[in-house]
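Dear colleague,

Please find below the structure that I am handing over to you. My notes on what was found in it follow directly after.

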Amino acid sequence: DINPVSGEISTTRSLDFEMGDTAYDFVVTATDGGDPSRSSTALVYVTINDVNDNDPIFDPSKYSASITEGAPVGATVLTVSASDADSGAFGRLAFNLVAADNLFEAVTQPDNRSAVIVVKNQLDFETQRGHVFRVVALDGGMPARSGEAMVTVSVLNENDNSPVFQQTTYIVRVPESVTMGTLLQNVTATDEDEIDIITYSLSRAAGLFTIHSSRGEIRVSGLLDFEMDRRHDLTIFASDGVNTGSAIFVVEVINENDNAPIFDAEVYSTNVSESRMVGTGLITVRAVDADVGSYGNVTYQIIAGNDMGHFEIDRWSGEIRLKTSLNFEAKRMFRLTVSAEDSGNPPKSDTAAVVLRVTNENDIVPEITLPKTEFEFVENGAPLPIGAGATVVDADGDDIVRAVFHLVAPPNDTATDQNIGERLWVNVSGVAGLAVVYSPSRH
């Protein structure tokens with residue numbers, strides 16, 4: 001419209017560059033007041049300049065997508081687009097993200113109308129399963145106008161975590177007499193992945209231990225022996241089918257008194273002279289206990305056959321010593337029963353026999369019996385016996401008593417033992433003890 005007086009041209013409605021109001025041309029006529037009037041015309045060209053009067057608009061205003069947690073950095077999540085009715089720089093858009101936790105970024109495309117949202121940093125389903133953020137489009141105005149849309153990204157789980165046991169090391173203590181099938185420990189592993197099945201297994205079990213593949217129950221499956229192996233170091237595994245976790249499982253075996261002492265012989269024997277000095281050692285017995293520690297300490301004692309108290313035994317070394325003198329003539333053999341006992345509670349023991357044979361010694365003086373007898377014989381007669389002879393009594397055994405007789409001068413006789421027989425013309429049998437006249441005699 002034009003003011004008829006001032007000639008000011010003004011718009012009669014709002015212009016919209018984007019609707020086609022880009023340029024106008026028209027003729028303006030100026031008329032004077034004469035009669036007849038005179039007039040003149042002019043051609044007016046009006047160019048409409050665009051202004052940044054439109055916000056970018058997303059269509060749709062909400063986006064959603066899914067991506068696996070293992071997607072690499074730079075992987076495409078989705079593409080968003082927006083439009084701006086303004087032209088030129090006012091209509092060129094740049095995109096960025098708000099509240100994306102630095103996990104995603106928008107890459108504006110060359111058309112300046114769209115952007116690709118990509119992974120910026122590694123995702124983790126177990127940390128956060130979903131992300132909601134805004135994508136903002138900014139135009140080229142000064143100041144810029146903007147539009148935004150909501151983006152929801154669901155993170156899909158992958159089996160990227162290994163099962164983890166509740167402890168890195170398990171230690172159990174169990175007596176060596178534990179029965180097979182005894183439950184030692186119920187171990188549990190968890191997997192941050194949404195994996196339903198975890199399978200358990202054992203290594204280095206040596207047939208002594210088992211683990212239930214699904215329940216994680218560790219049980220004794222063999223006979224334990226402290227003396228053979230005091231500690232068992234096992235490795236337990238938990239697998240989700242792809243990844244495996246492990247832990248150390250230690251079984252410490254507690255010692256028990258499960259072995260009795262054993263003598264290295266059932267019967268010990270030796271010869272002992274009846275003249276053996278009191279206090280000297282006669283024989284040593286030995287028993288071995290396979291237990292260790294106090295349970296393996298063995299003590300000895302004589303439990304039978306020592307009624308006369310002739311013997312004693314060192315309770316630690318097992319040496320049997322003579323306590324009182326022996327007498328072959330009184331008793332020629334002793335049979336002792338000795339025991340070896342450990343320090344258990346209750347103790348375990350073993351017994352053995354000890355045979356001691358007393359050997360004879362010539363320790364008793366013979367006693368001669370010679371009745372006082374008178375004999376007569378004819379002078380100048382032939383040699384003849386004059387008596388039944390002497391007898392001897394010796395308490396030593398037959399192996400010692402071998403009596404040999406000879407004449408001995410009577411007390412206070414001046415004759416010597418060597419010439420008494422010559423003076424009496426009498427001899428004596430060395431074996432039988434029989435006195436014999438050996439030379440004629442004069443009355």
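Which residue lies over the face of Trp316? Arg315 does, at 4.7 Å from the ring centre; a charge counts as sitting over a ring if NZ of Lys or CZ of Arg is within 6 Å of the ring centre and within 35 degrees of the ring normal.

Please note that this is a predicted model, in which local features need pLDDT of at least 70 and side-chain atom pairs count only at pLDDT 80 or more, while totals for chains, interfaces and linings use all residues. Residues are numbered from 1 along each chain as its sequence is written, and side-chain values use heavy atoms, with hydrogens and water left out.

Overall composition

The chain contains one helix and 32 strands; these are DSSP runs numbered from the N terminus, with helices being H or I of at least four residues and strands E of at least two. Of its 443 residues, 32% count as buried, where buried means under 20% relative accessible area, exposed over 50%, and partly exposed in between (1.4 Å probe, protein chains only). Among contacts in the chain with a separation of 6 or more, 63% come from residues 24 or more positions apart; a contact means heavy atoms within 4.5 Å.

The sheet of β12, β19, β18 and β15

Four strands form an open sheet in the order β12-β19-β18-β15, with mixed pairing; two strands pair if DSSP finds at least two bridges between them. Its edge strands are β12 and β15 (199-203), each of which pairs on one side only. Strand β18 (residues 231-239) and β19 run antiparallel and are joined by nine bridges. Thr235 stands opposite Ile248 in β19.

The aromatic cluster

Eight aromatic pairs are present in the structure. Rings of Phe, Tyr and Trp (its six-membered ring) pair if their centres lie within 6.5 Å; planes under 30 degrees apart count as stacked, over 60 as edge-to-face and the rest as tilted. One of the pairs is Phe165 with Tyr170, which is edge-to-face, at 6.5 Å centre to centre and 85 degrees between the planes. Tyr170 also pairs with Phe249, in a tilted arrangement with 6.2 Å centre to centre and 35 degrees between the planes. This second pair links distant parts of the chain, since Tyr170 is in strand β12 (residues 169-175) and Phe249 in strand β19 (residues 244-254), 79 residues apart. Phe165 counts as buried at 7% relative accessibility, as does Tyr170 at 3% and Phe249 at 0%. Together with Tyr200, these residues form one aromatic cluster.

The sheet of β22, β26 and β25

Another open sheet has three strands in the order β22-β26-β25, with antiparallel pairing. β22 (281-284) and β25 (311-313) stand at the edges with a single partner strand each, so one side of each is left without a neighbour in the sheet. Three bridges join β22 to strand β26 (residues 319-322), and Gly281 stands opposite Arg321 in β26.

Met150

Met150 lies in strand β10 (residues 146-156) and is partly exposed, with a relative accessible area of 32%. Its C-alpha atom is separated by 6.1 Å from that of Tyr63, 87 residues apart along the chain. Leaving aside neighbours within four places in sequence, Met150 is in contact with Ser61, Lys62, Tyr63, Val132, Phe133 and Arg134.

Yours sincerely
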